[in-house]
Structure formats: structure tokens, C-alpha cells
Amino acid sequence: RFFTVDRIAKLKEFLIANPADSFVQHALALEYIKLGDDEGARRLFEEILNREPGYIGSYYHLGKLLERNEKTEEAVKVYEKGMEEAKKAGDNHAFGELRGAYEELTF
């Protein structure tokens, strides 16, 4: 727990210097999830994807977070948007992961 709190402090320092750094925001959101702060993580993932829809890695984690919180319809929409963006980017690996998560929810 101490290490996660320590990492969070360091990541927040990085964000002060560059508030729109999607990589750092994504890493911070993952740390929040480890602490059980799904709301904080969700805000960060949504901020990333609103600013930078092509930041594909965040779709999967946001979708899983929504699933955990029983927001299935929202998770399905996130996976659909993520698949669309992954296809645009030609990222077949991400597309496959998103499709797998999507199919688990919809079939």
C-alpha cells in the first residue's frame, strides 16, 4: 500500500508539470484502481479518452471498471468505441482484447 501511495504522489508530480499527459494519467488511474478508488480512476480514463480518443489502452480498463460496478450498458459502449478506435489505428491486439471483453458481456 505504501508503494502505491508513493507512486501516486510521484505521478501527481509529473502531472503538475504536464497535466495533459495521457500516459501518466493512465498510470495514475491504474494506481487508483489498486487502492479501490474506481471513481477517481474513471474520471481519469474519461478525461484521457475525451481529449485523446485514440489512446486505446484506456478503453479496456475503463470497460472493466464499469463492469465491476455493474454498469454493463456503459461498458459495452466503451468497448464498442475502443474497438472502433483500435481498428482505425490498425491495432489488432487491442482490438482482439476489446472484442473478447465485449463478447463476454453481449453473448
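Mentor: Contact means heavy atoms within 4.5 Å. The model is predicted, so local features need pLDDT of at least 70 and side-chain atom pairs 80 or more, while totals for chains, interfaces and linings use all residues. Residues are numbered from 1 along each chain as its sequence is written, and side-chain values use heavy atoms, without hydrogens and water.

Trainee: Is Gln-25 buried or exposed?

Mentor: Gln-25 lies in α2; helices (H or I, at least four residues) and strands (E, at least two) are DSSP runs, numbered from the N terminus. Leaving aside neighbours within four places in sequence, Gln-25 is in contact with Leu-15, Pro-19, Leu-44, Glu-47, Ile-48 and Arg-51. Buried means under 20% relative accessible area, exposed over 50%, partly exposed in between (1.4 Å probe, protein chains only). Because its relative accessible area is 2%, Gln-25 is buried.

Trainee: Which helices do the buried residues of α5 pack against?

Mentor: The buried residues of α5 include Ala-75, Tyr-79 and Met-83. Residues three or four places apart point the same way, because an α-helix has 3.6 residues a turn. The buried residues of α5 pack against α4 and α6.
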